[in-house]
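These notebook entries record what I looked up in one structure.

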Amino acid sequence: MPEPTADDVADALDALRAATPLVQSLTNVVSANFVTNVLLAAGASNAHIDNVHEAAGFAAVASGVLINLGTPDDATAAAFDLAADGASAAGTPWVLDPVGVGGLPWRTDLAAHLLTKHPTAVRGNASEIIALAGQGNSGRGVDSSSGSDAAVPAAIALLEFAQVVSASGSVDYIVGRGDSGPVGVRVGGGSPLLTKVTATGCSLAALVAAYLAIAPTPLIGITSAHAHVAVASDIAAENASGPGSFAVAYLDALAAVTPDDLRRRALVEPFSLSTGRA
Amino acid sequence: MPEPTADDVADALDALRAATPLVQSLTNVVSANFVTNVLLAAGASNAHIDNVHEAAGFAAVASGVLINLGTPDDATAAAFDLAADGASAAGTPWVLDPVGVGGLPWRTDLAAHLLTKHPTAVRGNASEIIALAGQGNSGRGVDSSSGSDAAVPAAIALLEFAQVVSASGSVDYIVGRGDSGPVGVRVGGGSPLLTKVTATGCSLAALVAAYLAIAPTPLIGITSAHAHVAVASDIAAENASGPGSFAVAYLDALAAVTPDDLRRRALVEPFSLSTGRA
Amino acid sequence: MPEPTADDVADALDALRAATPLVQSLTNVVSANFVTNVLLAAGASNAHIDNVHEAAGFAAVASGVLINLGTPDDATAAAFDLAADGASAAGTPWVLDPVGVGGLPWRTDLAAHLLTKHPTAVRGNASEIIALAGQGNSGRGVDSSSGSDAAVPAAIALLEFAQVVSASGSVDYIVGRGDSGPVGVRVGGGSPLLTKVTATGCSLAALVAAYLAIAPTPLIGITSAHAHVAVASDIAAENASGPGSFAVAYLDALAAVTPDDLRRRALVEPFSLSTGRA
């Protein structure tokens, strides 16, 4: 299995828009609106279904599921469990976004428990990925305090549970299971303004769920989501005057970006895993 | 009772801005912010009060109530019941928005139960209206998979419970109780970009609650909300570059649109109910 | 202790951006997204942590805490208690925003209870401040029906519990504890469009929490938050076409405004408390 290229990413965007996959999001109240708007703009669809009565059943019919730990409580935590089980039983790809894991003990346990249910993908910032792998600890909640390359060994360790793992940052590092051990893909570009608008990371994870539904492999799926976000954010930043206008332009750009734009602009390249412990 | 005209709609906008009705919203977490901003922009006001301690009491003092089934859980479902009872007891008009009904059994039962409490208005997309009337089933959650004219028989059937019912789509179909049987009004126009921004339907239903509070009849009220949205969205689309800039321009247009704009641009016309089963 | 000046406010903005304080928000679902984006734009950071398992512990490590009563339920109300206790025990400054207090009995009791835990600051609109002090009653929920100067006696009364209290309006009135009795600061300016976008008040209270974390005194902190908002909103209004574009421009302006802008434009002045009952 060779690492994904910009051509694979361009093809995946075509497939996304053709299929309009329906994501089921169980996400935090800060991000709920933006996550849905990002999915709609990019070419997917969303239903935020996080109650215990419907979470499992809907995970069986959704195209992909996002479980985001941003604002859990007892009720939604129970729904996370049901959705993960429902998705796994039905073969629906699902994404775990371990927001705030590390600094917050209760959700750290929740995330560790969900990890044992084998998400298709894990997407976090570097400190969350490191904490989820049990390799460090962060006290800053949703903020990342590590460079994302520092999370590569942790991401590789998490491949015991998930098929693909990504650590977002100024450069995004993605690892997946290859035929002869883990493989790595790096996605560059992406505007720093993404860090000045809340829920850009959460909505990236939601987009991973959408792409997993239509991509030929999980590694192409997660890489495509990261590349779509990076290119759209770079386009958006060209016309933005600050975080408010950037967020608006970002939604426009997610919708306007074409497969050819991704083919030309996506900075997708393999990277050596020699720094990893695999 | 003749069907509402563009003049009626223009007068209702005048009345809305003069009265600034206060809506009580019990709506989903995806839409909560946008619903409030739409109401403020249009000329109304909002308080999101969906806890069991305050839902009933506030429904007695609010100008109108929105009950939206987008992200129910046990706590908010209990509050829906209380708000519906409080509104009914006080004579406050209330709107049921049956988001996702059909494909999701638990909320389908919730909606059927709330329907027996006789909402003033029901507003949904076609597949939700069809499902609520027990005439079909949709597996796509909040997405509409039917043309809205297909929902007219279901909308007529729901007049057993509600005074007015609307099915949103590229054309909106609205039915109400006339002196000699059901009457129908169609509202055309409206930008397709409305489907690329989440909570435009939810906020339309909230605007129905606001208009019901000030309109001479429920049919004029619900028609005015649909026409206000359609004209504002058409104005917004003229300057939008995508879903992000459209959402911003839509809020501006909801505020800027004048009664004269509605008089000139609202596409409001009666339609024959011969396709219905009444 | 002299009243804060525009120079103090400018220095506080410098300190805010240097420190990037991390606010813990326990805020309503309507405002959750906007509150976070306002904090990010202004130069702070946010984690929305309102579950009972993590609320207290995080309040001990956060730079400041916001407790907002906009959409409480039993679960979040319990978390409010824990966060207030956690913040107080750790010496973390915390802000009480008594949204809707007065017209809604259940949350009015909640607010009265939280007040006894001695928030560092209380921020509300005039009718909420009056109601919280037990000096009046408002039936309009989150709307203010009083001029903010009418709340000065109530704000002074609340100094029994809080170190600083502000009442927002077309002019903002702020009171604090001086060496020889209460002192008052008035912050003018601020666009009327702030009232046409939801959560501008909630996000101001969040910004108070951020400024309390870095300002030399609570009075400088709360005054700086009000001044930052007033100047940024005035800048935003210059280019806005309505509430939608204003909200976008407001986030841009919160980020773009410099300490020198505040020094030149902030309308900060002492006012006589002779109208108060102190």
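**Entry 1: Salt bridges**

I began in chain B, where the side chains of Asp11(B) and Arg263(B) form a salt bridge, with 3.9 Å from N to O. This pair joins distant parts of the chain: Asp11(B) sits in helix H1 (residues 6-19) and Arg263(B) in helix H11 (residues 259-265), 252 residues apart. I noted that the model is a predicted one. I then looked up the accessibility of both partners. Asp11(B) has a relative accessibility of 44% and counts as partly exposed. Arg263(B), at 35%, is also partly exposed.

I next looked for a bridge between chains. Arg107(C) and Glu54(B) meet through their side chains in a salt bridge of 2.6 Å, N to O. The pair crosses from helix H5 (residues 105-115) of chain C to the loop between strand S2 (45-48) and helix H3 (55-61) of chain B. Are these two partners buried or exposed? Arg107(C) is buried, with a relative accessible area of 1%. Glu54(B) is buried as well, at 3% relative accessibility.

From there I turned to a network in chain A. Salt bridges with shared partners join Asp7(A), Asp11(A), Asp260(A) and Arg263(A) into one network.

I then asked how many salt bridges the structure holds over all chains. The count is 30. One further pair I recorded is Asp85(A) with Lys117(A), whose side chains meet at 2.8 Å, N to O. Asp85(A) lies in helix H4 (residues 74-90) of chain A, and Lys117(A) lies 32 residues away in the loop between helix H5 (105-115) and strand S5 (121-125). Asp85(A) is partly exposed at 38% relative accessibility. Lys117(A) has 18%, and because buried means under 20%, it counts as buried.

**Entry 2: The sheet of chain A**

I traced the strand order next. In chain A, 9 strands form an open sheet of mixed pairing, in the order S2-S1-S3-S4-S5-S6-S7-S8-S9. Strand S2 (45-48) and strand S9 (268-270) stand at the edges; each has a single partner strand, so one side of each has no neighbour in the sheet. From one strand to the next, the twist averages 20°.

At one end I checked the pairing of S8(A) and S9(A), which is antiparallel over 3 bridges. There, Val187(A) has Val268(A) in S9(A) as its bridge partner.

I also looked at helices against the strands. H2(A) lies across strand S1 (22-26) and S2 of chain A, and runs at about 155° to S2(A). H5(A) packs on the sheet and touches strand S3 (64-68), strand S4 (94-97) and S5 of chain A; its direction makes about 155° with that of S4(A).

The largest nonpolar core has 59 residues, of which Leu39(A), Val95(A), Val208(A), Tyr211(A) and Tyr250(A) touch the most other members. Elements that give two or more residues to this core include helix H1 (6-19), helix H2 (32-42) and strand S8 (181-187) of chain A.

What does Leu39(A) touch, not counting residues up to four places away in sequence? Its contacts are Val23(A), Ala44(A), Ser45(A), Asn46(A), Ala206(A), Leu207(A) and Ala210(A).

I looked up Thr223(A) separately. Thr223(A) lies in helix H9 of chain A and counts as buried at 0% relative accessibility. Leaving aside neighbours within four places in sequence, Thr223(A) is in contact with Pro4(A), Val9(A), Ile174(A), Val185(A), Val187(A) and Val268(A). The last two of these residues are the bridge partners noted in Entry 2.

**Entry 3: Aromatic pairs**

I found a count of 9 aromatic pairs over all chains. The rings of Phe34(B) and Tyr250(B) have centres 6.4 Å apart and planes at 25°, so this pair is stacked. Phe34(B) lies in helix H2 (residues 32-42) and Tyr250(B) in helix H10 (residues 243-256) of chain B, so the pair ties together parts 216 residues apart in sequence. Phe34(B) is buried at 9%, and Tyr250(B) is buried at 0% relative accessibility.

A second pair, Tyr173(B) and Phe271(B), is edge-to-face, with 5.0 Å from centre to centre and 85° between the planes. Finally, in chain A, ring pairs link Phe34(A), Phe246(A) and Tyr250(A) into a cluster.

Technical notes
Residues are numbered from 1 along each chain as its sequence is written. Chains are lettered from A and ligands numbered from 1 in the order in which they are written. This is a predicted model: local features need pLDDT of at least 70, side-chain atom pairs count only at pLDDT 80 or more; totals for chains, interfaces and linings use all residues. Side-chain values use heavy atoms; hydrogens and water are left out. A salt bridge is a side-chain nitrogen of Lys or Arg within 4 Å of a carboxyl oxygen of Asp or Glu. Helices (H or I, at least four residues) and strands (E, at least two) are DSSP runs, numbered from the N terminus. Buried means under 20% relative accessible area, exposed over 50%, partly exposed in between (1.4 Å probe, protein chains only). A nonpolar core is a set of buried Ala, Val, Leu, Ile, Met, Phe, Trp, Tyr and Cys residues joined through side-chain atoms within 4.5 Å. Contact means heavy atoms within 4.5 Å. Rings of Phe, Tyr and Trp (its six-membered ring) pair if their centres lie within 6.5 Å; planes under 30 degrees apart count as stacked, over 60 as edge-to-face and the rest as tilted. Two strands pair if DSSP finds at least two bridges between them. Axes are lines fitted to C-alpha atoms, for helices over the stretch in contact, and angles run from 0 to 180 degrees between N-to-C directions.
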